[in-house]
Amino acid sequence: MNLRYRDLFNRGNQASGAQREALAGAVAAFATMLVERPGERPDALLGRIAHKHASLGITPNQYTLVGRHLLGAVGEVLGDAVTTELAAAWDEVYWLMANALIAMEARLYAEAGVENGAVRYDMEIAERVEESPDTVSFELRRPDGLPTGPFKPGQYVSVQVELPDGARQIRQYSLSTAPERKTWRITVKRERSAYGRVPEGEVSSWLHAHARPGDLLKVSLPFGDLVLPEGDGPLLLASAGIGVTPMLSMLDHLANASAERHVTVVHADRSPTHHAHRTELDDLVGRLPNGTLHLWYEKPEEQAAPHVHEGLTDVTLLALPEDVTAFLCGPLPFMRAVRGDLLTLGLSPKDIHYEVFGPDLWHSK
């Protein structure tokens, strides 16, 4: 496989087929929108992908290689059913989507004031904190001592590390504090093997084992379209596990601004012990005059407070304003369940936004 392609994408996801499934699913979703709503641009889908690509430093010439892998994936799925005409149709749809993404990514690079793909630079680890048994946070600063660059609450950066075999793998991590601070912070969960079917997270394992204060990391400029909206409308911030990180950034920003908007915060985790930034989350919500916190733990481990529940998240128990805007981040089953409950409560799909860590398989289900 081309080394550059290997470096760009998660090797575990490539091996499991998740990366191919996400790519094929995105093109299929794009094609479906073209057929069902020909007068509309699928900007939500394209915007999410464009921000991911910009954080990776994707350039226009790489779309030819990605397209070749896509058609290979289609061939694997459909086999002999892929005729010359069908392959040509998929190729046409892919390039319609690719050209739209190339244009969007060019705008993102221009807004960031960089050449296409030139998004990574050195950041120094200023502090390392063990946040839970399987998560660690890293405070990042510029080596020259100047303030870190601006970002929007909810955005992420890509971190590139060189692994023992020479591969330079890249992963995206949300910035977990407000933009007003002089440094950035990311929180990294170590992804462990699941029943032998999912490999260890290569980058997260390397960071946990090797990254220490004083070390330099290759970090991208901030990107991401799951960002805190301006105004004073009510918000629902719902997360599970490491999905709490973009919510922390939003809450930190709101608390610093003494925001009076109504903010309902929901978080689910295995237990209080595994809940990274648990005390910080409680403190941030407590600083909001109209903030409420609701926690769901599979194993509460302690005397439950009124806002702590046992089991799986159930947002139907909450009194949510009709005009609430919801932000979701966490494992796909969690987000699908919460989104379904919110739709049942009457929320419009356009008012429910989400962030996926890893290949975006949402649209393919």
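Why is strand β8 (residues 263–269) largely enclosed by the rest of the structure? Of its 7 residues, 7 are buried, so the strand is largely enclosed. Buried means under 20% relative accessible area, exposed over 50%, and partly exposed in between (1.4 Å probe, protein chains only).

The model is predicted: local features need pLDDT of at least 70, side-chain atom pairs count only at pLDDT 80 or more, and totals for chains, interfaces and linings use all residues. Residues are numbered from 1 along each chain as its sequence is written, and side-chain values use heavy atoms, with hydrogens and water left out.

**Figure 1. Overview of the protein chain.** The protein chain has 10 helices and 12 strands. Helices (H or I, at least four residues) and strands (E, at least two) are DSSP runs, numbered from the N terminus. Of the 365 residues, 49% count as buried. The chain exposes about 17400 Å², and carbon and sulfur atoms supply 53% of that area. Accessible areas come from the Shrake-Rupley method with a 1.4 Å probe, and for residues only the protein chains shown count as cover. Among contacts (heavy atoms within 4.5 Å) with a separation of 6 or more, 72% join residues 24 or more positions apart.

Figure 2. Strand β7 (residues 235–240) pairs with β8 in the parallel sense over 6 bridges; two strands pair if DSSP finds at least two bridges between them. Ala238 stands opposite Val266 in β8.

**Figure 3. The largest nonpolar core.** A nonpolar core is a set of buried Ala, Val, Leu, Ile, Met, Phe, Trp, Tyr and Cys residues joined through side-chain atoms within 4.5 Å. The largest one has 27 residues, of which Leu46, Met97, Leu101 and Phe223 touch the most other members. Helices α3 (18–36), α4 (43–56), α5 (62–78) and α6 (84–112) each supply at least two residues of this core. Helix α6 gives the most, with 9 residues. Leaving aside neighbours within four places in sequence, Leu101 is in contact with Leu46, Ile49, Ala50, His53 and Tyr63. Another core lies apart from the largest one; its 24 residues include Met250, Ala259, Leu284 and Phe327.

**Figure 4. Helix α7 and its cover.** In helix α7 (residues 202–210), the buried residues are Val203, Ser204, Ser205, Leu207 and His208. The cover over these buried residues includes β1, β2, β3 (156–162), β4, β5 and β6 (216–220).

**Figure 5. Salt bridges.** A salt bridge is a side-chain nitrogen of Lys or Arg within 4 Å of a carboxyl oxygen of Asp or Glu. A search of the whole structure finds 9 of them. One joins the side chains of Glu124 and Arg141 (3.3 Å, N to O). Glu124 lies in strand β1 (residues 120–132) and Arg141 in strand β2 (residues 135–141), so the pair ties together parts that are 17 residues apart in sequence. Glu124 is buried at 16% relative accessibility, whereas Arg141 is partly exposed at 36%. Glu130 forms a salt bridge with Arg128, the closest N and O atoms being 3.1 Å apart; Arg128 is buried, with a relative accessible area of 19%. Asp351 and Lys350 also meet through their side chains in a salt bridge (3.5 Å, N to O). Here Asp351 is partly exposed, with a relative accessible area of 22%, and Lys350 is exposed at 62%.

Figure 6. Thr177 is placed in the loop between β4 (168–174) and β5 (184–189), and is buried, with a relative accessible area of 9%. Neighbours within four places in sequence aside, Thr177 is in contact with Phe151, Thr183, Arg185, Ser249 and Asp252. Arg287 is placed in the loop between α9 (278–286) and β9 (291–297), and is partly exposed, with a relative accessible area of 42%. With neighbours within four places again left out, Arg287 is in contact with Asp252, Ala255 and Asn256. The C-alpha atoms of Arg287 and Asp252, 35 residues apart along the chain, are separated by 9.3 Å. The side chains of Arg287 and Asn256 are joined by a polar contact of 3.3 Å. A polar contact is a pair of N or O atoms within 3.5 Å; within protein, one must be able to donate a hydrogen and the other to accept it, and residues adjacent in sequence count only if both atoms are side-chain atoms.
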